[in-house]
Amino acid sequence: MPEYSPTDLLDLDRRHVWHPYGPMPGRQEQLLVESASGVRLRLAEPAHGQRELIDGMSSWWSAVHGYNHPVLNEAARSQLDRMSHVMFGGLTHEPAVRLAARLVEITPGPLQHVFLSDSGSVAVEVAVKMCLQYWRSVGQPRKQRLLTWRGGYHGDTWQPMSVCDPDGGMHELWQGALPRQIFAGAPPAEFEKSYARELRETIARHADELAAVIVEPVVQGAGGMRFHSPAYLQVLREACDEHGVLLVFDEIASGFGRTGALFAADHAALSPDVMCVGKALTGGYLSMAATLCTSRVAAGISSGEVPVLAHGPTFMGNPLAASVALASIDLLLGQDWQGEVKRIERGLLDGLDQARSIEGVRDVRVLGAIGVVQLDHDVDMKAATAAAVREGVWLRPFRDLIYTMPPYVTGDDDLARICRAVCAAAREG
Ligand SMILES: *Cc1c(COP(=O)(O)O)cnc(C)c1O
């Protein structure tokens with residue numbers, strides 16, 4: 001193999017490698033990461049004078065325990081020595097069985113059945129397929145549409161795109177080609193009766209054609225980093241029950257403690273009919289997601305003319321990912337994770353408060369281990385990223401948002417530095 005210098009690698013990268021939402025050939029300067037440990041990413045070469053960056057993003061919500069964690073490494077290593085993968089059709093194995101059982105145990109009670117897939121978007125596809133197939137199987141094939149509220153994000157494959165925010169989102173291009181879903185207004189932060197009424201009425205009006213309501217509970221992530229009152233989940237639950245519509249919670253971002261509850265559904269003490277988890281499921285080590293459903297949904301599907309769920313990814317139930325996921329869940333629940341998330345919430349509240357006085361800042365909000373500074377203009381990505389890197393922190397702003405969801409293991413000093421970097425990015429972006 002030829003030796004590549006960092007410059008060679010970056011040059012090849014720009015010429016051949018797509019990055020998320022990127023052009024080809026690449027125009028952006030990527031940072032070349034050589035390794036990562038704890039909350040730090042180590043770069044191959046210094047950028048703006050920094051060789052190490054504190055990761056303020058948890059690699060997009062996932063690396064909740066930080067990088068290179070000895071417990072997760074050991075889980076991967078010992079599974080690797082047994083098998084890294086076998087097909088899941090006709091075969092099964094302990095890591096997947098144990099993971100499914102563990103997920104059933106820690107998610108809301110009615111969720112009893114688990115479909116393991118390889119990414120969040122696929123988990124949402126499976127959720128949609130479950131709901132549509134449920135209604136088809138129980139003799140109501142007209143119920144094929146989905147309802148969501150604006151400002152959401154559910155992934156980049158076809159069905160998930162159709163329920164992402166239709167305006168200003170990353171998928172605007174596809175309006176007209178996507179399935180046409182039904183949108184309610186974006187949920188206000190605080191509980192408003194008039195909005196709750198709008199939700200109920202929209203569900204009632206479309207009940208005949210609605211298979212499911214799908215939402216991100218309590219926090220809308222990549223669609224705009226907005227928080228809303230858990231009381232709306234109760235409204236959705238009641239309206240869905242009243243009008244015969246399934247309720248899907250996409251907890252791919254909110255799951256595993258990020259909002260201060262283990263799952264955002266727990267803030268409202270209720271259960272959806274179908275729930276998706278992903279991102280932090282494996283502590284950021286490997287790609288895996290899961291779709292859980294109630295026995296009613298499973299029984300409905302099984303009573304149909306085609307009594308199976310026709311979905312089966314090649315890497316379904318991947319043992320390596322399942323083993324790391326189990327270890328990650330045990331690691332999380334074996335510590336005072338609620339205390340750690342609270343500690344980070346306090347640190348973010350303290351550290352981001354000063355952002356309120358920065359010119360161009362429209363809003364500062366914190367929930368659990370999520371901190372958001374919203375500007376009154378679109379971020380200058382390059383300037384904002386550089387400002388954060390100069391502070392020794394990795395941030396990835398988008399639209400008008402500079403935000404952080406640090407690993408739960410982030411120490412107080414590092415957290416204060418992340419907050420300084422968010423403020424610097426807000427000042428210069
Ligand atoms: C990231 C995300 C997805 C998509 O997950 P991928 O693993 O990127 O496919 C879906 N829903 C929500 C809420 C997400 O945050």
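Predicted model: local features only at pLDDT ≥ 70, side-chain atom pairs only at ≥ 80, totals over all residues.

Residues are numbered from 1 along each chain as its sequence is written, and side-chain values use heavy atoms, leaving out hydrogens and water.

**The ligand and its surroundings**

- Around the ligand (a heavy atom within 4 Å) you'll find S119, G120, S121, Y153, H154, G155, E216, D250, I252, A253 and K279.
- Sorted by class, that shell has 3 nonpolar, 5 polar and 3 charged residues; here Ala, Val, Leu, Ile, Met, Phe, Trp, Tyr, Cys and Pro are nonpolar, Asp, Glu, Lys and Arg are charged, and the others, Gly among them, are polar.
- The side chain of D250 has an N or O atom 2.6 Å from a nitrogen atom of the ligand.
- For K279, a side-chain N or O atom sits 2.5 Å from an oxygen atom of the ligand.
- The protein buries 83% of the 380 Å² that the ligand exposes when taken alone (Shrake-Rupley method, 1.4 Å probe).

**Helix pairs**

- Helix α3 (residues 70-82) packs against helix α10 (residues 319-333) at about 150°, with axes 9 Å apart.
- The two, α3 and α10, are therefore roughly antiparallel (angles over 145 degrees, on a scale from 0 to 180).
- Helix α5 (residues 120-137) and helix α9 (residues 295-302) cross at roughly 55°, their axes coming within 7 Å.

Definitions and conventions. Polar contact = N/O pair within 3.5 Å; in protein donor to acceptor, adjacent residues only side chain to side chain. Helix = DSSP H or I, 4+ residues; strand = E, 2+ residues; numbered from the N terminus. Parallel < 35°, antiparallel > 145°, perpendicular 65-115°, else oblique.
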